[in-house]
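Subject: The two-chain model, with notes

Hello,

Here is the structure I promised to hand over, followed by notes on what was found in it. Please read the notes with the model open beside you.

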Amino acid sequence: MSSEQPVRTPQQPYGEVFDRGYQHYQGERLGRSYAIRALIIYSIKRGLGIKKKWTAKIIPFILYSIAYLPAIVITAIISFFPGETGLGYSSLYGFLDFVILIFAASVAPEMLCDDRRENVLPLYFSRPISRLDYLLSKISAMGILMATLVFGPALMLFAGRALTDDNPASWLVNNLDEVLRIAAYGVLLSAFYAAIGLTIATFTTRKGVASAIMIVGVIILSGFANGLYFAIDDPATNPVVFLSPFDVLDGARAWVFGTGLGGGSMAGDADLPGFSYGLVIAAIVGVAAAVMHRRYVSEE
Amino acid sequence: MTAATSSDQWMVSTRALHKAYGPIIALDTLDLNLPRSAVGLLGANGAGKSTLIKGLLGLLRPTSGKAWVLGTDVQANAVSIRERVGYMPESDTLPMDVTAADFVGHMAEMSGLPARGARQRANDVLYQVGLDEERYRLIRGFSTGMKQRVKLAQAIVHDPELVFLDEPTNGMDPQGRDDMLNLINRIHNNLGITVILSSHILGDVERVCDYVVMLDSGRLVVSDSIETLRQGSTDILVRIDGNETTFVERLTARQIKAELSGHDILVAYESDEVYDAIRDTAVDMGVALRTLKARERSLEDVYIQTVSGIGGPVPLPVEAANVE
């Protein structure tokens, strides 16, 4: 170790004094589109618990782990048993539907409830964005978060199947339609739960209440519709199946992936046209959009 | 000259601006031209101050009429106006589980500043409002005064040309109120940001502003510079050793306006001849003049006189009456 000490000559200043007087901002201003982007990114971070205390990160972490684990397991099974295993996207989504319900129920209130409970909206609306911009930013953030959970595991499974095939290139060419099916069902699934979650979140400022209403509501409604359907047991009451969120998704999934529905389920028993489930989801999204528009854009 | 063109020279301009909520009129056909200076919006609670500010920010659609801010039509270009102005709302509007630096930085980004510049500006502005040390603390732990400072910081973080401050001293103790008013003075005088201060506290407006708009039940009562209003009619305070009532009667007989306020005689100043008349009356009555001094009209006098002229005065606190 050197014993030499730095010697300060009289010419060298011991420290520096910084003038921290106010200076006007001379940098660039990126306007409305940048503000929207900033709000989307901020909302995504809030949804994932980033820059919040560690407890806020637990639920997203657990849900991501649960969602991606089945894709890894199914890919592993397919690689070990390359023949027909009966496992595919429909099986994966059959499991993911409930995980995504929990995820949507925990993230949607993060998007909207805090800003209203803490009365932050006047500060956002005094910025160069419109009320519609605010709402679309929140919906976009929700959509992006849902996409990471809805598309990620299925695309991982798709990639796993391609890589475990003897000829990955030709497999990819022959199975590209699967990507479209994943995209189609992913959009339906995300839109369905996001619409329900965000709509509930517009009516309460309490995140826990919004989450509970969504999860319990979906489960109770599905149970109620099933009970009603099998109690009446009349073909004329088949549309009761549309009251059950789980069965609506089952029907849509079977329609998109071209798989059959088990006869034991309400959707399988009702045997309604596949596209009708898509229409029901579109109608729910439309009603949700109208409610959110009324709550945020029309109000002064 | 069109209204739009004439509005260019004013910081804020309105033509017959009207806002009604059903039968309740919040703003009653306001015609305003506000100069580029520190402007006080004065009026009792419910006078229409906050409604006017929200209307000027484009947050409320007026029932009828037009408004221009910084020469720009509010209804046509509300979003572009909000890039150039800041707003500090009256109510509690801060998220609790965010640090001051993160929140003010986020608000800077929401005004279009790139992320790096936003962070830098947030730190600078929090330093300017006196929250340099506390900027990495969660807002949840802040006192009322500190929260008001955060609200002020987010209002000026994007370096606006004009900032609307809605009741900025609400809920603050006397020391905090004093600090906040000093800060607002600094923002206007040193930082060069034009201020529109809404308050129901006469003392706040008197201390910070040089132009005042008085509203009463949505109606415009006064819009003028404080200096002009004070010059409007100075009173002369007279105290005598003798019968004050007779003194007032003698002055009135000389066509001079005078009134008794306790033992004080308030004489309206119209010209220097009034002083001669006071002296002559004292000589005639053989009484000694103990006090003879000009008394500048306060904003409170102006408020009481103008508002009482249109239906009775609404009391306004001269000092902060709502100290928590």
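Two residues are said to be in contact when they have heavy atoms within 4.5 Å of each other. Among the contacts in chain A that join residues at least 6 apart in sequence, 76% link residues at least 24 apart.

Some ground rules come before the rest. This is a predicted model, in which local features need pLDDT of at least 70 and side-chain atom pairs count only at pLDDT 80 or more, while totals for chains, interfaces and linings use all residues. Residues are numbered from 1 along each chain as its sequence is written, chains are lettered from A and ligands numbered from 1 in the order in which they are written, and side-chain values use heavy atoms, with hydrogens and water left out.

Chain A as a whole

The secondary structure of chain A comes to 12 helices and 0 strands, where helices (H or I, at least four residues) and strands (E, at least two) are DSSP runs numbered from the N terminus. The mean pLDDT of chain A (the predictor's confidence in each residue, from 0 to 100) is 88, and 89% of its residues reach 70 or more. Among the elements of chain A, helix 1 has the highest mean pLDDT, 96, whereas helix 11 (residues 266-270) has the lowest, 80. Where pLDDT is low, the predicted coordinates should not be read in detail. Of the 300 residues in chain A, 44% are buried, a word that here means under 20% relative accessible area, with exposed meaning over 50% and partly exposed lying in between (1.4 Å probe, protein chains only).

Where the two chains meet

The contact takes 33 residues from chain A and 41 residues from chain B. Together the chains bury about 3500 Å², 52% of it on carbon and sulfur atoms; this buried area is the accessible area (1.4 Å probe) that two parts lose on being put together, summed over both. There are 2 salt bridges between chain A and chain B, each being a side-chain nitrogen of Lys or Arg within 4 Å of a carboxyl oxygen of Asp or Glu. One of them joins B:Asp102 to A:Lys51, with the closest N and O atoms 3.3 Å apart. On the side of chain A that touches chain B, the elements giving two or more residues are helix 1 (31-48) and helix 4 (121-125) of chain A, and helix 1 of chain A gives the most, with 8 residues.

Which helix holds A:Asp97? A:Asp97 sits in helix 3 (residues 89-117) of chain A, and with a relative accessible area of 4% A:Asp97 is buried. Not counting residues up to four places away in sequence, A:Asp97 touches A:Tyr185, A:Leu189, A:Tyr193, A:Leu249, A:Asp250 and A:Arg253.

A:Ser276 belongs to helix 12 (residues 274-297) of chain A and is buried as well, its relative accessible area being 12%. The C-alpha atoms of A:Ser276 and A:Phe242 are 9.0 Å apart in space, although the two residues are 34 residues apart in sequence.

In chain B, B:Thr169 lies in the loop between strand 7 (162-166) and helix 7 (174-189), and B:Thr169 is buried, with a relative accessible area of 3%. Leaving aside neighbours within four places in sequence, the residues in contact with B:Thr169 are B:Gln148, B:Arg177, B:Met180, B:Leu181, B:Ile201 and B:Asp204.

With best wishes
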